[in-house]
Amino acid sequence: MPQYKAPIEDFLFLYNEFLDLDEAKDVPGMEMLTPDIIEAILNEAGKLSEEVLQPLNVIGDTQGCKHHGDDGRVTLPEGFKAAFDTYNDNGWSSLVADPSYGGQGIPGVLGLAVSEMINAANASFAAYPGLTLGAYEVILHHGSEDQKQTYLPKMISGQWSGTMNLTEPHCGTDLGLIRTKAEPHGNGRYAISGTKIWISAGEHDLSENIIHLVLARTPDAPAGTRGISLFIVPKYSVNEDGSLGPNNGVRCQSIEKKMGIKSSATCEMQYTNAIGVLIGEENKGLSYMFTMMNAARLVTGIQGTAMGDAAYQAAKTFAHERLQGRALTGPRYPDKPADPIIVHPDVRRMLLTARAFTEGARALALMTGLQLDIELRHPDADKRQQASYWVAMLTPVIKAYFTDMGFEVANLAMQVHGGAGYVTDTGVEQFVRDVRITQIYEGTNGVQALDLVGRKLTANQGENLKAFFTPVHTFIATHAGNEALGAFITPLKEVADSLQGITAEVFAKMSKDPMEAGAASTDYLRLFALTAMAFVWAKMAVIAQQKIEAGHASGFYQAKLDTARFFMTRMLPDHLALAAKIRAGASPIMNTQDEYL
Ligand SMILES: Cc1cc2nc3c(=O)[nH]c(=O)nc-3n(C[C@H](O)[C@H](O)[C@H](O)COP(=O)(O)OP(=O)(O)OC[C@H]3O[C@@H](n4cnc5c(N)ncnc54)[C@H](O)[C@@H]3O)c2cc1C
């Protein structure tokens, strides 16, 4: 079975050498991020992931969740409740939460590393605290003080958990179709009735209460997305003194059988006159939910990286051990009956693709996480605004590219294993099954691409784009004259120029025909992602080069340079094909009549 090792050395490199934490020094809590505290938290999270959560990953996959038809209860596989208690008791549920409600106030940028490690070790488990954190964020940013006092301390301690309820049988992407009703019930309360499907962590036996955030319509709400409100609907009603009352008309009707993440309960939830309270104002529910969805999309991208990394680690170990054939240039290990498959160029190609993706994605996620901390908590409004442009641009890119690549990399890891990857014994096929959902939930990747092209490119009078291109161009200008760095700066400049040119072309075409935006979107997002990855790889290469020149001869920096070279020469050139596809425009896609598709 795979033995996941938390990538502590890489995280330390990123926090201590790659990120400019000083840029966010006025964000509350940043003063806690000293190198020793960062290292201590990373080490502890690594231990939790390796020793507590990883051993449950296969157990969770084989046992799955159990739905009890008599009362709608859901029980989780053995060991999950104990692991959940350990998680909460050791302060992980409160790590990044606001100290006013019992949190530790550690900035989110460090929480992202913890999130990556627990998702790599056990993505199904990670769903329960992950959704609670998302629900916590919505109540924190949009709830009344009374709601915050009632719900947040218990969600932060892990005593209660949270969910998000958007999807209904007839509506997924198009939330304007939501039918769940919210009838006024006096005293600011509403009676919620309707069916929500595929609700992650909708029912389970981990926490005392489950706080559902439910999108619903009040009786006179306008049609479409402008008529959706957001409600807090607890599984058990909460008395004035905070104690629990009876079941609140909330029942899990069934759980789904599905391809992966088998111990993350995917529930059909029935609300029958369940009493809920409104968050904020009526009809603004979707915009409140988006608060949670931005952070959630970043974390979904990180799930892709996490499972890609776990699969890559398994493949690397296998490639060093499996003996097959000889190196093309003659035996490399003549004392063995055959060479390990790590000598074969095609196996190395697969492993390096995985490595270059994982390390680049990790760097880009943390860079964006730092901007998210600035956007949400910096005292200076201008700085918050500026950071929001980067976050707006990169969120759909990270969600879609990281999850597409997470799946691709898990699949490559299976390929490295040969037949041993397809049968269950090595555990690598579980990563392929588990990671696949990340391309679908939190908004499908096609919808992320539309968000990027249709909304983010045009929003804020070009400020979003400027926030991306300005640091890229400044970086290129700073290092342009350095010949030793030419292998990184030249391809970065080439792809950045190409992206800029293509952006102008897409703008011009889509202003005449909106189908052009839709047709370009997925390839454009990939081109954007490759440019962003080239930027972070070039930045990491510069640091590694400087360290090597300064006499730090560790293999770590040399491996960074080698991986950066692989990315620039073997992955980045895909941008040429993407540009050609985007330029081909909408007609090859739209001309075929519907009945021939
Ligand atoms: C395991 C699992 C867990 C989930 N957890 C939750 C949860 O906790 N809470 C929750 O509310 N939901 C949850 N979901 C639902 C999930 O968010 C939706 O499945 C997702 O948003 C897509 O909606 P859909 O499945 O209805 O697909 P559809 O919206 O029917 O889309 C089908 C296809 O059409 C494409 N498409 C749709 N509209 C457009 C458009 N306008 N332009 C271009 N392409 C389009 C999509 O990209 C997709 O390829 C979960 C789903 C699963 C499977």
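Okay, so a polar contact here means a pair of N or O atoms within 3.5 Å. Keep that cut-off in mind, and keep in mind that this is a predicted model.

Let's start with the ligand. One of its oxygen atoms sits 2.8 Å from a polar backbone atom of Leu 166. Then there's Thr 167, where a polar side-chain atom is 2.7 Å from a ligand nitrogen. And Thr 173 has a side-chain N or O atom 2.5 Å from an oxygen of the ligand. How much of the ligand does the protein bury? On its own the ligand exposes 980 Å², and 62% of that gets buried by the protein.

Now, who's in the shell?

Okay, moving on to the helices. Look at H9, residues 345–377, and H10, residues 381–416: their axes come within 8 Å of each other and cross at roughly 155°. Anything over 145 degrees counts as roughly antiparallel, so that's what H9 is relative to H10. The handedness of the H9 and H10 crossing is left-handed. And what's in the contact between these two? We've got 23 nonpolar residues, six polar and three charged.

That's it from me, happy to take questions.

Conventions
Residues are numbered from 1 along each chain as its sequence is written. This is a predicted model: local features need pLDDT of at least 70, side-chain atom pairs count only at pLDDT 80 or more; totals for chains, interfaces and linings use all residues. Side-chain values use heavy atoms; hydrogens and water are left out. A polar contact is a pair of N or O atoms within 3.5 Å; within protein, one must be able to donate a hydrogen and the other to accept it, and residues adjacent in sequence count only if both atoms are side-chain atoms. Accessible areas come from the Shrake-Rupley method with a 1.4 Å probe; for residues, only the protein chains shown count as cover. Axes are lines fitted to C-alpha atoms, for helices over the stretch in contact, and angles run from 0 to 180 degrees between N-to-C directions. Helices (H or I, at least four residues) and strands (E, at least two) are DSSP runs, numbered from the N terminus. Angles under 35 degrees count as roughly parallel, over 145 as roughly antiparallel, 65 to 115 as roughly perpendicular and the rest as oblique. A crossing is left-handed if the near helix is turned anticlockwise from the far one by less than a right angle, and right-handed if clockwise. Ala, Val, Leu, Ile, Met, Phe, Trp, Tyr, Cys and Pro count as nonpolar, Asp, Glu, Lys and Arg as charged, and the others, Gly among them, as polar.
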